[in-house]
Amino acid sequence: MKERLKRFIFRLLGKDPQAVVVSFASGPPELVDRMFAEVQQLIPDRRHFLVTPENAGNVRKQFRSYRIGLAPVLFTGEAQYRGLRRAAFFLAPFKILAYNRRLERHHLQLKSPIAALLFVRGVALDRIFLRPFWLVPWKRDRTVYPVSHQRHEGRAFTPGRRRVAVLTPYFPYPLSHGGAVRMYNLIREMAGQFDVVLISFTDQKNTEVAPLLEHCARVVTMAKPRYREPRWSTLTPPEVAEFRVPAMRKLVASLRREWDIDILQVEYTALAPYGGDILVEHDVTFALYRQIHEREKSLRSAWDYWRWKRFERHWIARYRKVVVMSEEDRRLLGCANAVTIPNGVDLTRFRPEHERPGRRLLFIGSFRHFPNIVAFRFFVDQVWPLLNPEIRFSVVAGPDPLLYWREHTGLLELPADQRIELHGFVSDVRPLYIECNLVLVPTLVSAGTNLKVLEAMAMQRAVVSTSSGCAGLGLTHGENVWISDDPAAFASAIVELLKNREMRRRIAAAGRDHVERHFGWAAIGGQERTLIRQLTHQPFQLRPATADDVDQIWTIQEAAPESSHWHREDYLAFDCVVAEEDGRVIGFLVSRETVPGEREILNIAVHPEFRRLGIASDLIRRELSAHSGEHFLEVRESNQPARNLYKHLGFREVGVRPGYYENPPEPGIVMRFFS
């Protein structure tokens with residue numbers, strides 16, 4: 001009876017009683033095809049129509065005789081489809097099944113207008129029902145904060161050494177992006193003079209702590225929280241609110257007391273509310289959001305910029321020292337407590353390799369950091385179509401690239417192109433540098449400095465970059481890098497450099513020379529250790545030796561039976577550097593140039609009262625950073641602690657000299673370092 005009545009009523013209205021599904025092709029064709037196929041599969045027993053821009057016309061007239069049961073519509077933001085979306089609302093305002101770029105779907109209903117509006121604006125499905133806790137304190141979907149932590153024992157604490165704790169928002173291993181590379185290398189450099197405690201959030205199920213335990217006395221990890229607040233809803237930036245974990249705050253305070261921590265270094269601005277002595281600004285974050293706002297000019301971008309500027313200005317004034325990556329960043333902050341300790345590169349690991357014939361381009365940038373996605377889209381959308389089809393392009397996008405791509409772009413899939421080879425996490429990127437002919441840095445929004453530029457130059461590969469991509473590195477266009485900001489100019493630079501091998505080689509060689517002189521981790525680690533010594537009131541300075549120092553050098557030599565013993569007059573016959581504390585010489589190093597580009601460390605010793613404080617390491621690092629090229633030294637075969645130290649600093653054993661030492665007679669191990 002009910003079915004008959006239904007058919008009768010719809011005949012009176014002039015409509016077919018059987019409901020139909022009318023889909024709207026209001027987005028990119030590939031997404032439309034997938035949406036339409038999915039809807040047909042979900043509702044197989046209904047007639048399906050697809051309205052495209054070509055057959056839109058008068059939609060209401062076309063479907064006047066049909067009862068609309070469902071109207072799937074793509075909301076992907078393109079302006080050319082606005083008319084089609086508007087037509088869908090006029091045709092069936094209460095039957096809209098909205099699809100986004102991820103092909104997530106949501107029924108637009110009057111009873112949940114905020115969720116509907118957020119979904120249409122591109123917010124992910126799992127976040128459209130999020131409401132701020134201050135507005136809905138009884139909500140169930142709350143942020144989940146960790147309460148437990150794990151402790152891992154590394155090297156034993158050394159009596160007399162200062163202790164430095166480093167707090168990080170993610171675990172600095174594997175070395176999958178620039179931030180991890182910097183933190184790992186500077187922890188390694190700090191460990192030569194201080195006992196290091198690493199305290200880290202981690203989002204890894206099985207955190208690989210062993211590589212850090214080689215350098216740290218203790219490693220403490222805590223899981224990242226599951227943050228469930230809307231981005232817009234907090235006065236502090238959401239990246240800051242996400243890491244505001246009560247259990248971590250208590251843990252940091254208790255570990256500082258338990259292990260008698262002298263210095264707490266906080267990595268990244270988002271962790272600034274934990275307090276400490278040194279805040280490391282990997283980028284000036286408000287400057288990054290200012291660039292985004294200048295491009296978008298939206299209410300959202302203005303809100304993000306204002307929040308970050310307010311937050312960052314407040315917290316940088318509360319630290320004894322704020323470390324920035326470049327002089328440009330220091331000027332941006334404009335505060336007296338800012339010091340520049342630049343990014344660096346491992347010159348022993350990233351060495352020049354012969355370039356293979358080909359036309360291969362390389363871009364390395366973790367999609368976890370959204371400016372790298374902006375850079376990738378700029379290149380693929382605006383530059384790539386201008387290039388020869390024979391050119392190949394490799395991209396290293398870091399762990400879970402598709403996850404971050406969808407999160408930041410709303411697009412379901414990455415661009416498909418047979419000439420583009422996309423890699424996720426790559427444990428060793430050196431083979432990719434060796435294979436490529438040019439390295440690209442098409443960054444449009446950036447702050448801080450780009451580690452991948454330094455790696456490419458260390459491998460002696462020419463770099464084509466935007467001005468933003470190589471900012472703060474002291475590079476010169478046409479000399480050690482090629483800088484282009486316009487898509488056509490960027491493409492033209494690639495074509496010219498691929499064609500002109502000699503120019504490519506010249507720029508690459510100048511780039512390697514630049515990083516050798518300014519960006520080795522050994523020299524940068526020395527700056528980090530000097531800063532910590534200043535804050536812990538452990539000032540010792542390195543300076544050239546004078547005649548007044550010879551008696552104290554002799555005293556140190558007499559207290560070091562494992563070292564070579566010289567006559568007093570021999571020390572100043574070569575290049576001699578001393579470590580001095582409060583007017584007292586506490587260590588020395590003697591070296592000489594054997595031939596141009598080659599030096600030999602002849603003698604090194606530290607007073608017994610000052611050993612295991614990193615003084616010998618600093619003396620050697622000063623020598624290595626002051627003179628590029630090859631460095632050789634000999635060490636007694638039985639002096640295993642010294643051999644281990646030299647290996648840690650990058651020396652490799654290359655030979656043995658029988659009977660080299662006297663009193664007692666012993667072979668000498670020959671070790672080599674190249675910088």
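**Figure 1. Strand E7 (residues 163-168) and strand E8 (residues 195-202) run parallel and are joined by six bridges.** The bridge partner of Thr-168 in E8 is Ser-200. Strands (E, at least two residues) and helices (H or I, at least four) are DSSP runs numbered from the N terminus. This is a predicted model, in which local features need pLDDT of at least 70, side-chain atom pairs count only at pLDDT 80 or more, and totals for chains, interfaces and linings use all residues. Residues are numbered from 1 along each chain as its sequence is written, and side-chain values use heavy atoms, with hydrogens and water left out.

**Figure 2. E7 and E8 belong to an open sheet of eight strands with mixed pairing.** The order is E6-E9-E8-E7-E10-E11-E12-E13. Strands E6 (150-153) and E13 (338-340) are the edges, each pairing on one side only; two strands pair if DSSP finds at least two bridges between them. From one strand to the next, the twist averages 20 degrees.

**Figure 3. Helix H6 (residues 178-190) packs on the sheet.** H6 touches E7, E8, E10 (263-267), E11 (278-280) and E12 (321-324), where contact means heavy atoms within 4.5 Å. The direction of H6 makes about 175 degrees with that of E7; axes are lines fitted to C-alpha atoms, for helices over the stretch in contact, and angles run from 0 to 180 degrees between N-to-C directions.

**Figure 4. The largest cavity has a volume of about 50 Å³.** On a 1 Å grid over the protein atoms alone, a cavity is a set of points where a 1.4 Å probe fits but cannot get out, and lining residues have an atom within 4 Å of a point. Grid points are joined across faces, edges and corners, and the volume is the space filled by probe spheres set on the points. Strand E17 (438-441) and strand E14 (360-364) each give two or more residues to the lining, and E17 gives the most, with three.

Note on methods
On a 1 Å grid over the protein atoms alone, a cavity is a set of points where a 1.4 Å probe fits but cannot get out, and a pocket is an open set with protein on both sides within 12 Å along at least five of seven lines; lining residues have an atom within 4 Å of a point.
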